[in-house]
Amino acid sequence: MSLPARQLPEYRSEKCLNCDTPLEKEDKFCHQCGQINSKKRLSLNDFFSEFLSNFISYDSRIWRTISGILFQPGKVTKEYCAGRRKQYANPFRFFLTVSIVFFLMGQTILNWDDDFGTFVSSFNKGFAEGRGNLSDKAALQDLIKQRDSLEAAGNAAGSKAISRVIETLQGTVTDSLKTTTYLTEAELDEKNYFSKYLEQTSDYKKHAENNPEMSITQALEDLGHERNGLNISRYRKALRFNDLEERPYQIVEMIVPKIPLFLFFFAPVISLFLWLIYMRRPFNFMEHLVFTFHVFTFFFLSLFVLLGIVGLSFGFIGWKWPAIIILGICGPIYFYKAMRKFYSQSRIKTILKFLFLNFVFFLLFMFSAGLFIVGSVFIGA
């Protein structure tokens, strides 16, 4: 096989042009820094040849890493920790790359899905409002006519049944027309901080529900409350509460883009628990960390595959539940098999440690997600 022009003997130097390390004519590469031993000036052909060679080399490592992580649980970690690292991508850098791509893709899909959801919500809201107006006016009048007709026909039982429906509907209409009373700022100031916060937020929620067209400034004027930073902040939090009540799936949309951040900070903690439960095994903390990053990378790679399948089949609308179901089944199976392959322990020991780690991870994730949601609603501006 012929050598590239830059590696031919006539172009070799007696020292490395990068680090000045002395070299022999037989040295194709510098044994200190790895650069090609060549004093040939760079040509266009050399540039593209090296670019293509490096790209193919890097690309093969990427695909070998992806296929190994996806289809051979624990194998990439075992080989990487055994020293066979040249053929695989760096686990930390690869995890960061995949998580960043997931974050960008997740934001795009959620924004697109939210736009469609907003359209559907607006349509449903308009339909519901139209239906409500119909109930308040036309439906009530129709029921009264039907009751009168049944009474005229001598059908006492039917007339009585419709009368009960009319009473219920009239009560609902009456309740909806009642004027809601709100506490004044002076009345709120007489309460302790905790009671004031709860009652003020409750009043603001009711006011926002009854006056959705008002801005925060207009709402505070309507309530007779001072337009200071505290009242504006609490009214904004009330709006968030109402929004979450109307669209609870937003909680998922709030958490999903933050999953890469959660997992990145979880990795050392999970690795610490792995180190504790495998303390008698010949693994150090960094090897446990490599295992954790590879498992988390599988999570993102499987989501990419799932999103691709869902997107090609029926679009991204409704992708969340298939993702939750498939990952809820495949994720634990993969984690168990990766533990069996990498740590090479019996099934019973692996199952017990697997259950313990899943419990720890669940508690950590729920605690972090809860803190994030509470912070977003109560603390965020």
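Guide: Glu221 is partly exposed, with a relative accessible area of 49% (buried means under 20%, exposed over 50%, and partly exposed in between, with a 1.4 Å probe and protein chains only). The model is predicted, so local features need a pLDDT of at least 70 and side-chain atom pairs count only at 80 or more, while totals for chains, interfaces and linings use all residues. Residues are numbered from 1 along each chain as its sequence is written, and side-chain values use heavy atoms, leaving out hydrogens and water.

Glu221 forms a salt bridge with Arg227, at 3.3 Å from N to O (a side-chain nitrogen of Lys or Arg within 4 Å of a carboxyl oxygen of Asp or Glu), and Arg227 itself is exposed at 51%. The count by this rule is 4 salt bridges, among them the one between Asp20 and Lys15, whose closest N and O atoms are 3.9 Å apart; Lys15 is partly exposed, at 42%. Another joins Lys196 and Asp189 at 3.0 Å, where Lys196 is buried at 18%, whereas Asp189 is partly exposed at 48%.

Asp189 leads us to the residue you asked about, Arg234, which is buried yet has no salt bridge, since Asp189, the nearest side chain of opposite charge, lies 7.7 Å away (Lys and Arg count as positive, Asp and Glu as negative, with His and the chain ends not counted). Leaving aside residues up to four places away in sequence, Arg234 touches Tyr193, Lys196, Tyr197, Gln200 and Tyr204, where contact means heavy atoms within 4.5 Å.
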